Amino acid sequence: MNENSNSGEVAQGAIVFKQRLGVLLCVIYAFAYTGFVAISIYDVTLMDTVMPLGLNLAAFYGLGLIVFALFLAMIYSIACTTKEISVAKTLKKQENGGLK
């Protein structure tokens with residue numbers, strides 16, 4: 001019974017890790033998006049500024065947000081996969097009697 005309880009705690013730890021990481025990355029993205037909205041509200045003429053590639057700031061910032069979201073998704077995926085592999089190894093050790 002103790003072994004099942006311990007394996008449940010290990011799996012729950014992975015779930016909590018993924019939840020916290022997801023919330024953290026969402027908050028980071030929300031700050032980046034808030035910057036876009038703030039510029040749009042307080043100085044809309046700034047959005048007409050020409051940026052690299054001949055894009056105005058609105059298009060450049062918008063595309064940047066998309067790329068940033070993909071980057072954050074990649075970080076989340078890699079971190080969660082790494083955590084799940086770690087949990088699987090820990091559970092396998094428990095099954096083989098390596099941890100007590």
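User: In this predicted model, why is Tyr61 counted as partly exposed?

Analyst: The relative accessibility of Tyr61 is 23%, and since partly exposed covers the range between under 20% for buried and over 50% for exposed, Tyr61 counts as partly exposed.

User: What makes Phe36 buried or exposed?

Analyst: Phe36 has a relative accessibility of 18%, and because buried means under 20%, Phe36 counts as buried.

User: How do you know which kind of aromatic pair Phe36 and Tyr61 form?

Analyst: The ring centres of Phe36 and Tyr61 are 5.3 Å apart, with 70 degrees between the planes; because pairing asks for centres within 6.5 Å and planes over 60 degrees apart count as edge-to-face, the pair is edge-to-face. Phe36 lies in helix H1 and Tyr61 in helix H2, 25 residues apart, so the pair links distant parts of the chain. Tyr33, Phe36 and Tyr61 form one aromatic cluster.

User: How many aromatic pairs does the rule give, and why is the pair of Tyr29 and Phe68 called stacked?

Analyst: The count comes to three aromatic pairs. For Tyr29 and Phe68 the centres are 6.3 Å apart and the planes stand at 20 degrees, so the pair is stacked, given that planes under 30 degrees apart count as such.

User: What makes Phe68 partly exposed?

Analyst: Phe68 has a relative accessible area of 27%, which lies between the limits of 20% and 50%, and therefore Phe68 is partly exposed.

Note on methods: Residues numbered from 1 in each chain as written. Predicted model: local features only at pLDDT ≥ 70, side-chain atom pairs only at ≥ 80, totals over all residues. Heavy atoms only, no water. Phe/Tyr/Trp six-rings, centres within 6.5 Å; stacked < 30°, edge-to-face > 60°. Buried < 20%, exposed > 50% of the residue type's maximum accessible area, 1.4 Å probe, protein only. Helix = DSSP H or I, 4+ residues; strand = E, 2+ residues; numbered from the N terminus.
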